[in-house]
Amino acid sequence: MSESRRRSGPVYATGDRRTGDAPHHHESVYDFFVDLIQGGFAQVTIFTLPVLFVLAATPVYAIEVGTAAVVSVLTLTFFLPLFRGGHLAVGRRWPVLTNRKLGTGTGYRALFTRAVVLSCSLLLAAYTAVLAELVTGSFVANALTALVLSVAALVALPYLSAGSRRARLARFAYCLSSFLPMVALFALTPAALEPGLVVLVLVVLCSVIVDARSVLLPR
C-alpha cells in the first residue's frame, strides 16, 4: 500500500471504531503530531475553557498566572497523548471511549468527567505554581511546579475517572482541593473580584458537584 493510501485512512481506525482516546501506537512523527493537536491541545483547551478564562481574568499577579497557565497547558497537551498512547505507563489503562459509547449517556458522562478532572487539574497546577513563585521569588519554581503537577494529574486521571464509589469520592475530594490555591492567593492579595470571574468559578464548582452527585445524593 502506498504512503498516500495509508495517510488517507483514519490514524486510529480499528474494528471497534475508536475515537483515538485509547491506547494505541504512534507509527511515525506525523501520527504523534496529529494526536498532539487533535487529542492533546484540542481536548485540553476545549475541556478546560472555563478555567482558562478564570486564569485570564485573575486580577492579581497577571505575569505569574500567565506563566503558570502556559506551562500547565503545554505540559498537559504534550504528555496527554503519551499517556493515552501507552508510551508512558501509569499502572492503570487509560479510560477508553469509543464511538459506540460516545452516543450514549455513559459516553457523555465520561466526557463530562474528563472535562471536570482536566479543568480542576489546570486550576490546581496554575495557582499552586503562582504561590510557589511568590514564596521562593523564582520563575523557575513557578514553571517546575506547573509542569510537575500537570504530569501528576495525568498519572492520576485513569484512577480518578474510574466508576467505583471510592474513585468518585477521591475525584470529588481532588476537585474541591483544586480550589484551595486560588482561595489562598486571593486571601494573600485581596482584590476586587469582577462578577464575571465569580460566575466562571461557580460554573467550575457546579460542574464538580454535578459530576459527584451520585456519591452525594442518597439513593
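**Close-up views of a predicted model**

**View 1. The aromatic pair of Phe 78 and Phe 79.** Phe 78 is partly exposed, its relative accessible area being 39% (buried means under 20%, exposed over 50% and partly exposed in between, with a 1.4 Å probe and protein chains only). Phe 79 is also partly exposed, at 22%. The model is predicted, so local features need pLDDT of at least 70 and side-chain atom pairs count only at pLDDT 80 or more, whereas totals for chains, interfaces and linings use all residues. Residues are numbered from 1 along each chain as its sequence is written, and side-chain values use heavy atoms, with hydrogens and water left out. A search of the whole structure finds 1 aromatic pair. The ring centres of Phe 78 and Phe 79 are 5.3 Å apart and the planes stand at 85 degrees, so the pair is edge-to-face (rings of Phe, Tyr and Trp, the last by its six-membered ring, pair if their centres lie within 6.5 Å; planes under 30 degrees apart count as stacked, over 60 as edge-to-face and the rest as tilted).

**View 2. Cys 120 and Cys 175.** The structure holds 0 disulfides, a disulfide being a pair of cysteine sulfur atoms within 2.5 Å. The cysteine sulfur closest to that of Cys 120 belongs to Cys 175 and lies 3.6 Å away, which is too far for a bond. Cys 120 counts as buried at 0% relative accessibility, and Cys 175 counts as buried at 1%.

**View 3. Phe 41 in helix 2.** Helix 2 spans residues 29-47 and contains Phe 41 (helices are DSSP runs of H or I with at least four residues, numbered from the N terminus). Phe 41 is partly exposed, with a relative accessible area of 40%.

Note on methods: Helix = DSSP H or I, 4+ residues; strand = E, 2+ residues; numbered from the N terminus.
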